[in-house]
Amino acid sequence: MAEYMLETKNLGISFGGLKAVQELNLKIKKKELYGLVGPNGAGKTTVFNIITGVYKPTTGTFLLDGEELKGKKEEVINHKGIARTFQNIRLFNNMSVIRNVMVGLHNQPEFRCDPFTSMFRLPKHFSSEKEMREKAKEILRIFNLEEERNNLACNLPYGKQRKLEIARALATNPKLLLLDEPAAGMNPSETQELMDTIRFVRDEFDMTILLIEHDMKLVSGICEEVTVLNFGQELAQGKTSDVLNNPEVIKAYLGD
Amino acid sequence: MVTLLDGLSLGAIYALIALGYTMVYGIAKMLNFAHGDVIMVGAYAIFTVFSITGNPVIAFIVSIILCVVLGIVIEKLAYKPLRTASPLAVLITAIGVSNLLQGLAQLIFGTEPKSVIILNKLGSVEIADGIILNISTIVTLVLSAIIMIVLTLFIKKTKTGRAMLAVSEDKGAAQLMGVNVNKIIMITFAIGSALAAFASLFYLIKIPVSPSFGALPGIKAFAAAVIGGIGSIPGAMVGGILLGLVENICLSIDVIAPYTTSIEFGLLILILLVKPTGILGKKIREKV
């Protein structure tokens, strides 16, 4: 077992001449709630895109629980244990809430069922579908979405769509959960509820969570450690309260 | 009555082919213009195996397997390398594959039409006074209905079907949720080609096989898919059946029979004018 759940070593990516992320060294311990903050355009979402396999890094590498995942495909990285949500919600809008979660369960080994078994509706198909449905309900219950399970995802209110994205990501049974601005567009009471949910997920599933957020109240409220990015470079790293009071960081956010 | 039932069975054939177009379009976002020629290959497979073994069941099974393999091979060799290319490049490749298959068929079998008599042998029944129906029409109808029900259940109720829906909604998000997109696209092509094999069996009742066997039903089924709303599975069924009915009704009226094809494609234009996304197509909402 590795010491860190996620470790990035000199991770960097450039698009043409633009160095979007450079020499990023994240060390995230197991069960940690870790924040990634920085002004707009600092490269935070790019970091997420690298560690979920959407972009291939130009330099450096990253390890999940000691295993190098650089260069692997998106779905393989997801199987290995990294799941994410999106800054702009990307649910399967025309599918019901519960089906969204069931897509997340798609690759869980206990629900393996080849297309042939399904096509000819063998008994295994029905038992596996039923188990999946139960499991999906269980996950929805955590997020108080069970009542809405048969609604279309696009008809959910915004706050609930955000929650459903987290539920869908959790269904893929990750070791590391990446949340891209989970509180964006939420009102203060929704944000408060979200903070409780994130903490609950961490405790209940022993989850390691890395989140990008602009809402400093949320970051200081739940993150134990943070890294600040500015123009693709690491500006500061450490305990949340120390970092957020660091004059350099304040300068990056507010200017001189 | 007979005209309507014959129309329904022709419509069912179009619907089966249209399903192949619409599923591939929905999931891989491409128009597989070689789909019609897969039907032609399936028909030649039935013809060849049937004339060697004399056994229609074996001939049909071989044809299904060949079509599925062909569908997967076409996808892997011709379309997969172009997954990130522009839609036009994929489109022209599809037309190229279509020409290639037709050319190969000409090379192997020549241009003469070859007829196969399998289902026609079943004869006909008199269901009521003076109404005589070919059994092959009934078989076509019943089998197509079963296939469409199974397919709908498969998409709605199974894991793979759900993954297909997810991929058609948002390929990137599906992949990040652990869905193997390449595998799903492969399965889609396999299913579409298997449906094409059924269509080739049914269509063989109507006309003999030649290298351009698949061209006309292919283009009509494509029109049917567009009429129904391309990307929509029930849409393809509705569009196919509608087109088949229109075709047979037109053919049964002597005065307008020569204009049948024009009327069919006129219908396509008319429907697109009234409802540009097709009968069951999704509305595309514009966001400001």
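This is a predicted model: local features need pLDDT of at least 70, side-chain atom pairs count only at pLDDT 80 or more; totals for chains, interfaces and linings use all residues.
I take helices (H or I, at least four residues) and strands (E, at least two) as DSSP runs, numbered from the N terminus.

Residues are numbered from 1 along each chain as its sequence is written, chains are lettered from A and ligands numbered from 1 in the order in which they are written, and side-chain values use heavy atoms, with hydrogens and water left out.

**Entry: A:Glu234**

I found A:Glu234 in strand β11 (residues 233-239) of chain A. I use buried for under 20% relative accessible area, exposed for over 50% and partly exposed for in between (1.4 Å probe, protein chains only). A:Glu234 has 32% relative accessibility, so it is partly exposed. Its C-alpha lies 7.9 Å from that of A:Gln22, 212 residues apart along the chain. The A:Glu234 side chain reaches the backbone nitrogen of A:Asn25 at 3.2 Å.

**Entry: strand β4 of chain A**

I checked β4 (residues 33-37) next: 5 of the 5 residues are buried, so the strand is largely enclosed by the rest of the structure. A:Leu33, A:Gly35 and A:Val37 point one way, and A:Tyr34 and A:Leu36 the other way. Two strands pair if DSSP finds at least two bridges between them. β4(A) pairs in the parallel sense with β9 (residues 208-212) over 4 bridges, and A:Tyr34 has A:Leu210 as its bridge partner there. β4(A) also pairs in the parallel sense with β10 (residues 225-230) over 4 bridges, where A:Gly35 stands opposite A:Val226.

**Entry: chain B against chain A**

I counted 26 residues of chain B in contact with 34 residues of chain A. The two chains bury about 2700 Å² between them, 59% of it on carbon and sulfur atoms; buried area is the accessible area (1.4 Å probe) that two parts lose on being put together, summed over both. On the chain B side, B:Lys159, B:Leu176 and B:Met177 lose the most area to chain A, together 29% of what that side buries.

Which side chains meet in a salt bridge with a 3.4 Å N to O distance? They are those of B:Arg162 and A:Glu129. The rule (a side-chain nitrogen of Lys or Arg within 4 Å of a carboxyl oxygen of Asp or Glu) finds 2 salt bridges across the interface.

Terms used: A polar contact is a pair of N or O atoms within 3.5 Å; within protein, one must be able to donate a hydrogen and the other to accept it, and residues adjacent in sequence count only if both atoms are side-chain atoms. Contact means heavy atoms within 4.5 Å.
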